[in-house]
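Dear colleague,

Please find below the structure that I am handing over to you. After it, I describe what was found.

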Amino acid sequence: MARILALNASYFLKTGGYFVISIKANCIDSTVPAEAVFASEVKKLQAEQFKPMEQVTLEPFERDHACVVGAYRVPKKQKPAS
């Protein structure tokens, strides 16, 4: 999932743009706990220049689902000249 988001973001998302991704843990790997899948996907996002800002599970509405919101290629803040 993170790889697909990264490919699309490189083509269509501006630097500093925001993303929302919904992760269904059972579709990625049903043999490990959902929290481990979520953590793995967030690590993959961070490796692809994404900065996750918030992660929420969709319990009790959907089991083993999470939604991650963040920014892509966040520009570094300039230090003020002294």
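Predicted model: local features only at pLDDT ≥ 70, side-chain atom pairs only at ≥ 80, totals over all residues.

**Findings**

Helix α3 is followed by glutamine 49, whose phi is positive, near 75°.

Residues are numbered from 1 along each chain as its sequence is written, and side-chain values use heavy atoms, with hydrogens and water left out.

**The chain as a whole**

The chain has three helices and three strands, and from the N terminus on its elements run α-β-α-α-β-β. Its C-alpha trace spans about 55 × 25 × 20 Å along the principal axes. Of its 82 residues, 28% count as buried; buried means under 20% relative accessible area, exposed means over 50%, and partly exposed lies in between (1.4 Å probe, protein chains only).

The chain exposes about 6200 Å², of which carbon and sulfur atoms supply 56%. Accessible areas come from the Shrake-Rupley method with a 1.4 Å probe, and for residues only the protein chains shown count as cover.

Contact means heavy atoms within 4.5 Å. Among the contacts in the chain with a separation of 6 or more, 57% are between residues 24 or more positions apart.

There are 11 positive and 8 negative side chains, and the centres of the two sets lie 14 Å apart. In this count Lys and Arg are positive and Asp and Glu negative, whereas His and the chain ends are not counted. The place of a charge is taken as NZ of Lys, CZ of Arg, CG of Asp or CD of Glu.

Helix α3 covers residues 34–47, which makes 14 residues, and reaches 20 Å from its first C-alpha to its last, close to the 20 Å expected at 1.5 Å a residue. The expected span is 1.5 Å times one less than the number of residues.

Which residues of α3 are buried? They are Ala34, Val37, Phe38, Glu41, Val42 and Leu45. These residues cover an arc of only 135° around the axis, which puts them on the same side of α3. The arc is that of the directions from the helix axis to the C-beta atoms. On the other side of α3, Glu35, Lys43 and Ala47 are exposed. The buried residues of α3 pack against α1 (2–12), β1 (18–24), α2 (25–28), β2 (50–57) and β3 (65–72).

In α1, the buried residues are Ala2, Leu5, Ala6 and Ala9. Seen down the axis of α1, they fall within an arc of 100°, so they line one face of the helix. The face turned away from this buried side carries the exposed residues Arg3, Tyr11 and Phe12. The partners against which the buried residues of α1 pack are β1, α3, β2 and β3.

Phenylalanine 50 is found in strand β2 and is buried, with a relative accessible area of 4%. Leaving aside neighbours within four places in sequence, phenylalanine 50 is in contact with Leu5, Ala6, Ala9, Phe19, Leu45, Ala71 and Tyr72. Its C-alpha atom is separated by 20 Å from that of histidine 65, 15 residues apart along the chain.

Arginine 73 lies in the segment after β3. Is arginine 73 buried or partly exposed? Arginine 73 is partly exposed, with a relative accessible area of 34%. Its phi is positive, about 50°, although arginine 73 is not a glycine. Not counting residues up to four places away in sequence, arginine 73 touches Ser10, Thr15, Gly16 and Gln49.

**The loop between β2 and β3**

Proline 60 lies in the loop between β2 and β3. A cis peptide bond, with omega about 0°, joins glutamate 59 and proline 60. Aspartate 64 also has its place in the loop between β2 and β3, and its phi is near 60°, a positive value in a residue other than glycine.

Technical notes: Helix = DSSP H or I, 4+ residues; strand = E, 2+ residues; numbered from the N terminus.
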